[in-house]
Amino acid sequence: MRLNRTTLFDVEDFPAFLRELKGIGDSVDIEDRNEFIRLMGKCYELLARFAVEKQEKPVRHTPLVRILEFLERDFERKISIADLEQYTGISKMTLIRMVRKQTGMTPMQYRIARKMERAVYFLQIPGMTVKEIAYQLGYCSQFYFAEEFKRVMGRSPTAYRSYQQRLAGEHSSSS
């Protein structure tokens, strides 16, 4: 399927796509075996749709797509705007303007935002410590990671994890 790396997709009916993802997400904590099998089928269907769409559409590696893909890969590796300049051959100011126009953020702010999204995913893995998450995302210090996470997300990684667990407990008890 060639979906083993970060790829950007243009989704034609984005609100419908979000509703479908939300439906899958709402069903994640189910205990009914048949419902779980149906949910897995929906996930595979979604992945297959992406794979087919990727094969059908000609690859458009516009400079912006290349920039965003570069920013979203190898989080454990530290990159700078100079690395991005070298990779694309585009000047620093042009890079910043392009990314800011599309995302509302500078390239490095965009990378941090994507790291925080990945951190939220990792925080849902019970056995993964904050220190392991920090190193997976390229932070040399779990304390610096925790500071940055709190600045972006409004609470520390540990508090965020507890909050998510509380929400999951409330969701499962109300179902």
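## A buried pair of charged residues

Both Arg114 and Glu72 are buried, and in this predicted model their side chains meet in a salt bridge, with a distance of 3.6 Å from N to O. The pair links distant parts of the chain, since Arg114 belongs to helix α6 while Glu72 sits in the loop between α3 (63–71) and α4 (81–88), and the two residues are 42 apart.

## From a pair to a network

Arg114 also forms a salt bridge with Glu117, and here the closest N and O atoms are 2.6 Å apart. Because Arg114 and Glu117 are 3 residues apart in helix α6, they are separated by about one helical turn. Glu117 counts as partly exposed, at 47% relative accessibility, whereas Arg114 and Glu72 are both buried. Through salt bridges that share partners, Glu72, Arg114 and Glu117 are joined into one network.

A search of the whole structure finds 4 salt bridges. One of them pairs Asp74 with Arg77, the closest N and O atoms being 3.5 Å apart. Is Asp74 buried, partly exposed or exposed? Its relative accessible area is 34%, so Asp74 is partly exposed, lying between the limits of 20% and 50%. Arg77, with a relative accessible area of 38%, is likewise partly exposed.

## The nonpolar cores

Which residues have the most contacts inside the largest nonpolar core? This core has 15 residues, and those with the most contacts inside it are Ala119, Ile133, Leu137, Tyr139, Phe145 and Phe149. Helices α6 (107–123), α7 (130–136) and α8 each supply at least two residues of the core, and α6 gives the most, with 5 residues. Leaving aside residues up to four places away in sequence, Ala119 touches Ile133, Leu137, Phe145 and Phe149.

Apart from this core lies another one, made of 13 residues, among them Leu64, Ile67, Phe70 and Ile90.

The mean pLDDT of the protein chain is 83, and 83% of its residues reach 70 or more. Where in the chain is confidence lowest, and where is it highest? The lowest confidence is found in helix α1 (residues 14–26), at a mean of 73, while the highest is found in helix α8 (residues 142–153), at 96.

Definitions and conventions: Residues numbered from 1 in each chain as written. Predicted model: local features only at pLDDT ≥ 70, side-chain atom pairs only at ≥ 80, totals over all residues. Heavy atoms only, no water. pLDDT = per-residue confidence, 0-100. Helix = DSSP H or I, 4+ residues; strand = E, 2+ residues; numbered from the N terminus. Core = buried A, V, L, I, M, F, W, Y, C linked by side-chain atoms within 4.5 Å. Buried < 20%, exposed > 50% of the residue type's maximum accessible area, 1.4 Å probe, protein only. Contact = heavy atoms within 4.5 Å.
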